[in-house]
Amino acid sequence: MHNLHSTTDEDWVAVYFAVAGTYRFQTTGLSVGTDTVLEVYAYANGGKGALAGSNDNVGGAWWDPNSKGSRVTLGVPANSSYLIRVDNKSASSIYRDSYEWPRYTLQVVSQ
């Protein structure tokens, strides 16, 4: 479980794929008030490379918090690395206590 505790907070995760395949990157389990933006970058020259994919909203019923989740599906080559950036579009600054901070789970799943 990750959280975004301020308007400038963003989470970065690095992943390595030993095996080629199609992978789904997604945010799930969103708390009320969370609206994630997901960006996946190729890892190149020791840092962020080209943007490989991005998504703002998965969509769905307005009352389902996960409708504001994000999903990117990519074909990745063997022995490749990616940087995942997750940001929150909602006004995180209104949350005063840690139990109120926007929360989500990041999943990387082989298709």
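1. Salt bridges. The structure holds 4 salt bridges, a salt bridge being a side-chain nitrogen of Lys or Arg within 4 Å of a carboxyl oxygen of Asp or Glu. This is a predicted model, in which local features need pLDDT of at least 70 and side-chain atom pairs count only at pLDDT 80 or more, while totals for chains, interfaces and linings use all residues. Residues are numbered from 1 along each chain as its sequence is written, and side-chain values use heavy atoms, with hydrogens and water left out.

2. The network. Glu10, Glu39, Arg85 and Asp87 are linked in a network of salt bridges. The following points take its pairs in turn.

3. Glu10 and Arg85. In this salt bridge the closest N and O atoms are 2.9 Å apart. Glu10 lies in the loop between β1 (2–3) and β2 (11–17), and Arg85 in strand β7 (residues 80–88), so the pair ties together parts that are 75 residues apart in sequence. Strands (E, at least two residues) and helices (H or I, at least four) are DSSP runs, numbered from the N terminus.

4. Glu39 and Arg85. Glu39 also forms a salt bridge with Arg85, with 3.0 Å between the closest N and O atoms. Because Glu39 lies in strand β4 (residues 36–44) and Arg85 in strand β7, this pair ties together parts that are 46 residues apart in sequence.

5. Arg85 and Asp87. The side chains of Arg85 and Asp87 meet in a salt bridge at 3.1 Å, N to O.

6. Buried means under 20% relative accessible area, exposed over 50%, and partly exposed in between (1.4 Å probe, protein chains only). Glu10 is partly exposed, with a relative accessible area of 31%. Arg85 is buried at 14%, and Asp87 is buried at 18%. Glu39 is buried as well.

7. Strands and helices. The protein has 8 strands and 0 helices. Read from the N terminus, the order of elements is β-β-β-β-β-β-β-β.

8. Contacts along the sequence. A contact means heavy atoms within 4.5 Å. Of the contacts in the protein between residues at least 6 apart in sequence, 71% join residues at least 24 apart.

9. Burial and surface. Of the 111 residues in the protein, 37% are buried. The accessible surface of the protein comes to about 6,100 Å², and carbon and sulfur atoms account for 51% of that surface. Accessible areas come from the Shrake-Rupley method with a 1.4 Å probe; for residues, only the protein chains shown count as cover.
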